[in-house]
Structure formats: C-alpha cells, structure tokens
Amino acid sequence: MGGVLKPCNEVETARVLSWAMAERKSLELVAGGTKRSIGRPMQTENTLNLSELTGISLYEPGELVLSAKAGTAVSDIKTVLEGQNQQLAFDPPDLSQFLRSSAKIGTIGGAVATNLSGPRRISAGAARDHLLGMRAVTGRAETVNIGGRVMKNVTGYDLCKLLAGSWGTLVAMTEVTLKVVPRPEAEMTTVVFGLSIDEAVRAMSVALGSSASVSGAAHFSAKLAARSEISEVSLFKKSVTALRIEGFLPSVRARKDILANALKSFGEVETLDENISPRVWREVRDVTLFDSASEDAIWRISTVPGRAPDVVRNISRCENFEALYDWGGGRIWLMQPGYGDGGAEVIRTVLDRFGGHAMLMRASPEMRSAVNVFEPQSDPVAALTRRIKAAYDPYAILSPGRMYAGV
Amino acid sequence: MIMLKMPDLDKRVVARRHDIVSNLESMLPTNCVVSHETEMRVFQSDGLSAYRQIPMVVVLPCTTEQVSKVLRYCHLNNIRVVPRGAGTSLSGGALPLADAVLLVLSKLNRILDIDYENRCVVAQPGVTNLAISNAVEEKEFYYAPDPSSQIACTIGGNVAENSGGIHCLKYGLTTNNVLGLEVVLITGEVIRLGGKHLDADGYDMLGLMIGSEGLLGVVTEVTVRILRSPETARAILIGFDTTGAAADCVGKIISEGIIPAGMEMMDKPAIRAAEEFVNAGYPLDVAALLIVELDGPQVEVDVLLKRVRKIAEGCGSMHLRVSQSEDERTLFWAGRKAAFPAVGRISPDYYCVDGTIPRSQLPFVLEEITRMSKEHGLGIANVFHAGDGNLHPLILYDGNKPHELEKAEQFGADILKLCVKVGGVLTGEHGVGVEKRDLMPVMFSENELKQQQRVKCAFDAHSLLNPGKVFPKLHRCAELGRMHIHGGQIPFPDIPRF
C-alpha cells in the first residue's frame, strides 16, 4: 500500500502525474471514493485523490451551464442548482448504500468518469450527453482543455464522450462543464400493481411510445417492493410498474390522463403524487431495494428494452433471482448467486443472442478479479481500446486494470 | 479558387491509377466504379463549393462487405480514402483528393428496421435525414435532429458531422439521438458500437465516432432513436428594437424553466431579406426578431405561450404574434428557413459562418461583427440559433470581383476568432473540414491538437482516412507516440503525502 497523493489544484495534479510518469508509479484515481468497489481490483502503488479540487467555477442559469472542479460534491451542486430551479438532468445515482461504501459523498468528477445515470436517462440522456467540456491531465502529464462551455460544438473530436465513462483510466479530470436543465415544476407517478414482467415491459413500451412524455419507467417484483421504505409501494405485496411524468403542472395533469388511457388495458392505475413520486425514483435510481447484506453478485445489464423478459428468463432459469428493471426494461439490475462466476458466462451468452452488455456492479473482490467486470470486447474493439489507452496513458499509470487487464 | 494546402500528392499512387481502377472494378459489381473525368466532375466539391478537386477514382459500394473490401485494399496498398454521403457539407469535409479513392455511400440507402416497440430505426448511411422521419410518420413518430439540409443530407453524413438543426436545444444533436453504429475501420474490419440498447460497454467509441468527420472509420449502418411527435406546436414572432433586448429575452425564457422546441433570432438585414423573399409577415421596423416554437400537449403549449408573452413584454418587445394555424406556423418558419437563399437574392454571393458563443456575449459580438463589416467593406446578415448560442453570420460578397472571396473568408475567420475569444468555439454544427482547419490552433494548444491526433492514430495509423481535414498539421503517428521526458529531470513533486 503506497501513499495517497492529494493535490489541491490542477497544477499540483499535473506534477503528481509527471512524477508518476517518470517513476512509472501507477495510481488509483479517486475523488469521493463512493464507487471504489466497482471494477477489477487494481494493483496500484499509490492513490491519486482529487477530492481537494472543489468549487463551482462558473454557473450561468440563463445559459444552462455549470463548471465545477472534479472533486465537488454532487450534493453541493444539486443544492446550488435547486436555488435557481435547475438540476442535473441525468440524475447521477448515489450508489453508496448499494455498494456498502463507507464513503458517502459522491463527486461530480466521479459521476462523469463512471457515466452512471438515473431513471431519467431514457428521456434526458446520460451523463455523457450533458458533458460540454472538461479540463484534465493526461497520463502524459499534459494538461488539456476538452470541449467548451457552449451547447453546440463540433470543433474536433468529441473527446468528452470518450472520456466520460473512462473510469479514471485515460485522464485525471480536474474540472467538468455540464449542461444543466430547468427543474420540472411538478411530477407524478402512475403505478400499475401486479403485472408480470412480460406485461410490464409491454406497458412500459406503450407508455414510452405515447405522447405522455414519460421520464421514468421501472418495474420490480413483489419481493423487491416489500423492501421499499414507501408504504404506498410495499403495502400491496405485488409487483410494481411505475411511470413518471414531469413538467409544468397543467401539462403533467393532461399527460397523466393520456397515460392512464394508454394503460387501461393493463389494469387499474394508481397515481402517486409529488410527495411520494420522488422517493420512489430515488429508490430505483440508487438501487436500494436489494438486500444490502447479501453476498450475491449484482449485475447491471443494458439491453434492448423489449427483450428484457427473454434476457432474464434465459439467464435465470430457476426462480430465486431478483431483478429491478429500469429504462423501460433497457436496464436490468440482476442479482445472481455470489459463488462460481456469478453468472458471468450465461449472462454473456444470453446477451450475445439478444443484444446488449453486462457489468458486474457489486461482488466480492475475488469475484471481480476472476470474472470480466466489464463486457468482453470483440478483437478489433479490444485493440482499439488498448490503442486509445496508450494514446492517453502510454505508461499505464492511471487506474490500470480497472476496466480490462492491460488497459 | 483559393489555394489550400492539402497533403502532398502521393505520386506513387497516382502512377498506379490505372491498376487501382481495374482492381476496384474487379472487386465491385458493375456501375460501382466511376473513373472517367467528366463523370467524376459531379463529385469534385461538396456544399463548400469554393474548393474543388477531381478525385482519383470514385467508388459506390452497395454493401458493408464491399465497403470493407475497398478499405482493406486501400489499407494494404497505402491509398488514401475520402468518404462522402450526399455531399452537403458546408465545411469541405468531403472535398476529394487527387490521389484518393472517393468512397460514396449513397447506394447504401435502405431503411433496414423500424422498431416501434423499442422506439428506434436502423438505417443504412445513405438514407436521407428526412426519409427517416417520413418512414415513421404514419405512427406519429419522428427523428428529432433536423439540419436545414434534411431533404438531401444523409444520416451517415449527419453522424460524421454530428449535425444539429433548429430543434437541438430541446432534443439534442445527432450524438444524443444515435444508439448504435456499424463501422468499417480502415483495415476493413467491421465493428459494432452500441445497438438498440443504451450506453457504452467500455470507452464510448460510439460518441467518439459521431462528429469525427470521416477520419476514424466509415459508417455503414446507423441505429437512431425516434420520438413520438408532439401533439401540437405553435410559433411566436417577437420583435425588439435592440439585439440586446432580444438576447435578454432568450435568457429570461430559459431562466424561467422553459426550453422551447426552437428559438431563432434574425437581425435587421436578415429579416428584410427573408421577408422580401417569402412574405412571412415579419415586422420590418424591428432590430431583432425572435421565432420561438413551443411544442407538446395542447394545454402545455397554451400555458407556455402566456408565459413567453409575459416575459417578452417584460423585455420590451415591440411586436408579438402567435401562429393561429399550422399553415401560419409553417409560414413563420419559412422565412427563417429561406434566410440563406433570401440573402442570396440581395447579394451575388454569401459566405456562411458557423461559430458558437456564450449567449450573454451576443450584443458585444454583434457590435464587433458590424464594426468588422465596415472594416472589411462587406455587408452582413445574421441568423442565430439563439437558444444554444450558435451564430450564423452571412457575409455578403461578389465572387466575380477580384479578391472578394478571400476578403469574405478573412472576415469569416475574424468572426470565428472572436467567438473563441469570448468563450465560444469555431464551429457549432457545420464541422471543421478544410474550411476551419487552419483556425484550429486558435482554439487548441499544440498539446491538445497532438492529443486529438493520437486518437486518430489509434484508428488509422497511416492517416489514410480523409487526410487534410480537421487538423492543420499532419503528424506521423510514430512521432506523436514518442515521449519527451528525460528521466531524473522531472522534479519529485512536493505534494503532501498521507
């Protein structure tokens, strides 16, 4: 276990990296550290902790733009945005409970570096869709400016996309610039209880294809619903299919009716008001419905929404699995037994057939060392990945091995 | 024609032209290779017609496999390749090279799958942007990005340029609406990025590919998401006596939580030209005109119309008119959409600039542009995607007068430098191509440009794909990979360690 290097600013960050580069010292990149247990366990000698790089450096509500140093707490940014009735549309999850992390304060740098988004992903886009620019230090210890602060920019490659979701393996971000959006004036959630997964996915597809502009579409079993802290959700002991509508109040009311009409063939429709609705979506977003003490493996599967029931049926042939379906079925949080390969082989075989990818999000370090945490890549894509890594970090000093062996 | 420094002609390739043409003919079906000079003339330029070059040979493959064959052959034989869609690029992205194969994707023009259940369409790259919306119109769906060339431009070209349009403030650019790609690498290898599902499984190469201007790979299939058409849409014309007041109004609308489907601004010369051309009913006594479009359920549009009216009045609007019918809404837009040809009527030629600025800088930037217009002795009309800060000044000139095009280009370059100076960027939606290539150092440091080119090297180590575009200086990949450190000379940092 080496030292923790905690630079206070970008210049110091660059100096840490030039030292690491010259001495060939590998670094684990962290900021808040809430998502540290995701990925392959690394054999790094030192830790580069960016949590001292804090502060909002630019916020122009009328231009929908905000810049913050990478270590700024997401919660601080949310508070400032709320003051102007704005928000981060991609709704970064707080996975600290799900991951049983001792660190509780997620940072904006971490949110961008992992490209994790909440239920609103289906309508508003992912973290990467809201990243306008960043400042970062590459594995060559060069400080670079990427993108900009304006909404429309096609000058050169869209490197923001490449670096969002690069899990600290390409650059050390020092500052990010994000597009922010108005906070909806009102929200409501329409719920249908007791649907089977096949019915639920069909209902969600109908809802998402309607003119109700749904901004959240999730389904979970009665077993998961029983763990909800919201009595309106847990009480019925039935599966829950939830659809969120957000926007201006008169519009939300009108669209609630559109939605109820579209869903009437699926069963009785209940409405959760704006006091309860946000709590439901927080539970979905932060994945808190799984047993937090369990040693099982939890996967995040991204697939074709309509194929979700087939995907899960083909993976889990026995009955004792648990699944949380978000994004209309397009994202499945699937719990598998925490022994053997945690279901890796069967999951990937099934996804080869139905399309999509799977990532092992919660598992023991032993399992994360033994199985591919990230979806294995085809040969040409794996070769591109290695060459992109070398382009940014030729000496593999930045979180080496977190995503793939040798990257 | 203006002299543009393109990569040195590869004489060895040109000397083998005859063999190359017959090799390509043997690997492709008949009518897929064009090599006669007169027939190749239609391909000599794209939408930036000031630059022209007859390609060495044109190929029009019909399948992914054929694209792969051509690229593998070019890669093995060190032949450059310039990909082209419909050729509507405004930045010279598809400008041919005399020693390159022009790879035209227009025969790959089929829609492969319409999937309403998962709200997406799979199309070949040669399908036009509008054809996708038309294909799903019957079920009241559409594809959101709508560049003004949407009748002609192809989805493959949209991917290469990350095209925008008037609706992107609310619905995003191409990159926010593409779910998957099939790409052929210069080696001929075929890869799939994304699909009908969301998010990347590793590095986001899908996001990287979009807007890469044909430098990283050739797209042979695109999966886009489609949206349910809004129940209704209405447009409002709002006139102001200063551009500052109009800019202020745009900021206030957004600050109040309203993201209009479209929000366009025109200055006086643009309003006049457009009104004379299409009689859209634009007020002629205002200094700036906003067109604000609201869409969604009827009740929402009604509520927001009232709110926008109140905001506009608070900003001192002189003129306000709400469209009362679908025909009138279309008419309001007809003027804006015809702004370019309208300006073409008042001037023998015009040169369209495309920079983005932080919107608060608009009054200052417009003032500076007016000043520069006098300095350069050339007229100007401004249209502006006001919501997202994307400025399209149209520089008026006469190409028949000696040196006027050069003057117009210089004026355009000065405007773009100003955009960067105030915190904006060189191009919002038209791309760098050859047009803004030499301005890249205005926005990026040498290190930043080299880093971008290292990414290029990861995909195309010999710089065979669309060379001479985007980057002002071609570096050899080996040189870019080299590290310039001298062990021991980097000081151990005095960073606190814990």
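**Ground rules.** I am working from a predicted model, where local features need pLDDT of at least 70, side-chain atom pairs count only at pLDDT 80 or more, and totals for chains, interfaces and linings use all residues. Residues are numbered from 1 along each chain as its sequence is written, chains are lettered from A and ligands numbered from 1 in the order in which they are written, and side-chain values use heavy atoms, with hydrogens and water left out.

**Entry 1: the A/B contact.** I looked up who takes part. Chain A brings 87 residues and chain B brings 95 residues; contact means heavy atoms within 4.5 Å. The area buried between chain A and chain B is about 7,700 Å², with 60% of it from carbon and sulfur atoms. Buried area here is the accessible area (1.4 Å probe) that two parts lose on being put together, summed over both. Which three residues supply more than any other three of the area that chain A buries against chain B? They are A:K152, A:V154 and A:Y157, with 13%.

I then counted polar pairs. There are 26 residue pairs in polar contact between chain A and chain B, both residues at pLDDT 80 or more. A polar contact is a pair of N or O atoms within 3.5 Å; within protein, one must be able to donate a hydrogen and the other to accept it, and residues adjacent in sequence count only if both atoms are side-chain atoms. Helix α14 (residues 379-392) of chain A gives the largest share of the side of chain A that touches chain B, nine residues. Helices (H or I, at least four residues) and strands (E, at least two) are DSSP runs, numbered from the N terminus. By class, that side of chain A has 40 nonpolar, 28 polar and 19 charged residues. Ala, Val, Leu, Ile, Met, Phe, Trp, Tyr, Cys and Pro count as nonpolar, Asp, Glu, Lys and Arg as charged, and the others, Gly among them, as polar.

**Entry 2: salt bridges across the chains.** My rule is a side-chain nitrogen of Lys or Arg within 4 Å of a carboxyl oxygen of Asp or Glu. Five lie between chain A and chain B. One of them joins A:E142 and B:R454 (3.8 Å, N to O). Another joins A:R121 to B:D199, with the closest N and O atoms 2.8 Å apart. It runs from helix α4 of chain A to the loop between β9 (190-194) and α8 (205-209) of chain B. Both A:R121 and B:D199 are buried; buried means under 20% relative accessible area, exposed over 50%, partly exposed in between (1.4 Å probe, protein chains only).

B:E429 and A:K152 also pair (2.8 Å, N to O). B:E429 is in the loop between α15 and α16 of chain B, and A:K152 is in the loop between β8 and α5 (159-163) of chain A. Relative accessibility is 11% for B:E429 and 1% for A:K152.

**Entry 3: B:T427.** I checked this residue next. B:T427 lies in the loop between α15 (404-421) and α16 (440-443) of chain B. Buried or exposed? B:T427 is buried, at 0% relative accessible area. Its side chain makes a polar contact with that of B:D354 (2.6 Å). Beyond four places in sequence, B:T427 touches residues including A:K152, A:N153, A:V154 and A:T155.

**Entry 4: a pair within chain A.** A:E246 and A:R120 form a salt bridge (2.9 Å, N to O). The two are 126 residues apart, with A:E246 in strand β13 (residues 240-247) and A:R120 in the loop between α3 and α4 of chain A. A:E246 is buried at 11%, and A:R120 at 7%.

**Entry 5: strands of chain B.** Strands pair if DSSP finds at least two bridges between them. In β10 (residues 218-225), eight of eight residues are buried. Strand β6 (residues 120-123) joins β10(B) antiparallel by four bridges, with B:V122 facing B:T223 as bridge partner. Strand β8 (residues 178-184) is also antiparallel to β10(B), over six bridges, and B:E182 stands opposite B:E221.

**Entry 6: positive phi.** A:N115 has phi near 50° and sits in the loop between α3 (108-114) and α4 (121-124) of chain A. A:A141 has phi of about 65° and sits between β7 (131-138) and β8 (143-147) of chain A.
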